[in-house]
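Reader: Could you walk me through reading a helix and a sheet? I'm new to this.

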Amino acid sequence: MKKYEIYLDLDGVCIDFLTSAFKIQGYDPEIIFAKWKATQPGELFPTLSIEKTPLEFFTNEALGEENFWRELKAYKWFSLLYTELNSFGNVMFLSAPSGAPGCLSGKHHWLTDYFGANFSEYIFTKHKDRLAHERAILIDDMPFNVSAFKARGGRAFLFPRIWNKLHSICEPTGYVLSNVERVLKG
Ligand SMILES: [Mg+2]
């Protein structure tokens with residue numbers, strides 16, 4: 001039996017939600033990401049590059065469609081990250097639905113499209129911290145999820161992205177895997 005439960009976030013860690021969210025709202029993701037990196041690295045939302053408020057952006061009706069979520073692309077490191085983490089512990093995807101029913105079914109379909117219809121290693125909840133315990137490890141790109149999980153006694157690692165304080169780390173998978181490995185050995 002594996003000793004650790006590893007909770008793996010989907011959006012921003014395994015799946016490239018933002019590139020598609022920019023495209024579907026008429027933005028060029030390359031331009032937005034470049035400006036974000038240059039002017040607001042570590043900020044949760046690129047307010048200098050996008051005139052919409054975060055609320056307007058994230059509640060755009062296109063983001064309520066099942067197929068938007070179902071057709072998101074995996075990051076290039078996804079397969080490696082998932083395989084390596086599975087060698088360390090039991091991996092469960094842990095993803096927060098937006099509130100739109102299409103988001104929940106789209107995420108579910110994304111996973112079954114990838115892993116097959118019988119795949120069941122996932123939990124959908126906004127309350128990720130409720131799953132924290134001393135042998136639970138969360139990997140997530142959002143600092144508030146990481147801090148809440150730690151506050152309830154779990155271990156948690158921030159996945160480096162432009163929108164968090166680890167924005168200058170260019171090999172996010174290597175960074176996270178070496179940190180997880182250190183915990184397991186310690
Ligand atoms: Mg995320």
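Author: Helices (H or I, at least four residues) and strands (E, at least two) are DSSP runs, numbered from the N terminus. A helix's expected span is 1.5 Å times one less than its number of residues. This is a predicted model: local features need pLDDT of at least 70, side-chain atom pairs count only at pLDDT 80 or more, and totals for chains, interfaces and linings use all residues. Residues are numbered from 1 along each chain as its sequence is written.

Reader: What span does helix H8 reach from its first C-alpha to its last?

Author: H8 (residues 172–185) has 14 residues and reaches 20 Å, close to the 20 Å expected.

Reader: Which residues of H8 are buried?

Author: A residue is buried if 20 or more other C-beta atoms lie within 10 Å of its own, exposed if 12 or fewer, and partly exposed in between, with C-beta atoms placed from the backbone. In H8, Pro172, Val176, Leu177 and Val180 are buried. They cover an arc of only 115° around the axis (taken from the directions from the helix axis to the C-beta atoms), so they sit on the same side of H8. The face turned away from that buried side carries the exposed Ser178, Arg182 and Lys185.

Reader: And the sheet: in what order do the strands come?

Author: Two strands count as paired if DSSP finds at least two bridges between them. Here 5 strands form an open, parallel sheet in the order E3-E2-E1-E4-E5. E3 (122–124) and E5 (155–158) stand at the edges with a single partner strand each, so one side of each lacks a neighbour in the sheet.
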